[in-house]
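User: Hi! Could you walk me through this one? I'd like to start with the ligand.

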Amino acid sequence: MKTTEKTRCESCIIRQFNALKAFTKDELKVISDHKVTKNFKKGDLIFKEGEKLNGVFCVRDGASKLSKLSENGKHQIVKIAKKGEILGQRSVVADEQTNLSATALNDTSMCYIPKQLIIDKINQNPEFTRNLLKIMASDLRESDNFIVNMSQHNVKQRIAEALLYLETNFGTDDEGFLAVNLSREDLANVVGTATESCIRLLAELKKEKFIATKAKKTKIEDKKGLEDMINGF
Ligand SMILES: Nc1ncnc2c1ncn2[C@@H]1O[C@@H]2COP(=O)(O)O[C@H]2[C@H]1O
């Protein structure tokens, strides 16, 4: 992990995507003066489940996986976080330890904002507090949907959903391959299956012409077909 020169929050457009959009120019100046920009490489641990954070991370760029280690030693990936998200606000607000680990999936840049500033702003800026509540409410809705999805969709449907999520949220490269490539193990950990089953089901999806693969890259060939399959048609 590298700490780099600061970019000023006042001139950063990322805040439009998160609760920080409620801050005035003066508030942003204070945040800018106290935050640190941290850069992570693929595989770097950003924070570990059970850690007590002294601040929150604002994702400027890159993708990171949020995962929880279960008692049987498996990592369940709960979410792939993207640009604009704030990570760690749940434990900072609750004054608890983090519930998940965050690991960089590619080159990732994050601004680390000290906890005390966030707590001060919760007390001083009601619009910021409302925004934060909305984000946490949305995380809760996502978690509800995730649980329902796990129990009502089969593994193949869940793989299709994960691939569509990656395309919608992170886009594709010049050749149409997913810009964020999950390893087969990570994809298996998103959908809650063994890596071998995930590999077998990806091969099926390829044979059925829903997807194409090249080396470790994956391309969605038939989006409508995948959507129909998810909806049980
Ligand atoms: N759907 C989600 N469920 C749980 N945590 C999430 C979700 N989306 C984003 N997060 C963030 O992931 C963070 C993990 O550490 P915390 O528990 O401190 O705070 C959590 C939230 O900021």
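Analyst: Happy to! Keep in mind that this is a predicted model. The ligand sits in the largest pocket.

User: How many residues surround the ligand, and which are the closest?

Analyst: The ligand is surrounded by 15 residues. The closest are Gly-88, Gln-89, Arg-90, Ser-91 and Asn-99.

User: Let's get down to atoms. How far is a ligand oxygen from the side chain of Gln-89, going by N or O atoms?

Analyst: For Gln-89, an N or O atom of the side chain is 2.5 Å from an oxygen atom of the ligand.

User: Which side chain has an N or O atom 3.4 Å from a nitrogen of the ligand?

Analyst: That would be Glu-142.

User: How much of the ligand's accessible area does the protein cover?

Analyst: On its own the ligand has 450 Å² of accessible area, and the protein covers 93% of it.

User: Nice. Switching topic: where does UniProt place the cyclic nucleotide-binding domain?

Analyst: The unreviewed UniProt entry puts "domain: Cyclic nucleotide-binding" at residues 19-116. In the model, that span is 42% strand and 18% helix, and its end C-alpha atoms lie 16 Å apart.

User: And where is the HTH crp-type one?

Analyst: UniProt, again in an unreviewed entry, gives "domain: HTH crp-type" at residues 153-224.

User: How much helix and strand is in residues 153-224?

Analyst: Residues 153-224 are 54% helix and 11% strand, with the end C-alpha atoms 17 Å apart.

Terms used:
Residues numbered from 1 in each chain as written. Predicted model: local features only at pLDDT ≥ 70, side-chain atom pairs only at ≥ 80, totals over all residues. Heavy atoms only, no water. Near = heavy atom within 4 Å. Polar contact = N/O pair within 3.5 Å; in protein donor to acceptor, adjacent residues only side chain to side chain. Areas by Shrake-Rupley, 256 points an atom, 1.4 Å probe, with all protein chains shown as cover. 1 Å grid on protein atoms, 1.4 Å probe; cavity = no way out; pocket = protein on both sides within 12 Å on 5 of 7 lines; lining within 4 Å. Sits in = over half its atoms within 2 Å of the grid points. UniProt positions renumbered as here; feature names shortened; annotations may be inferred. Helix = DSSP H or I, 4+ residues; strand = E, 2+ residues; numbered from the N terminus.
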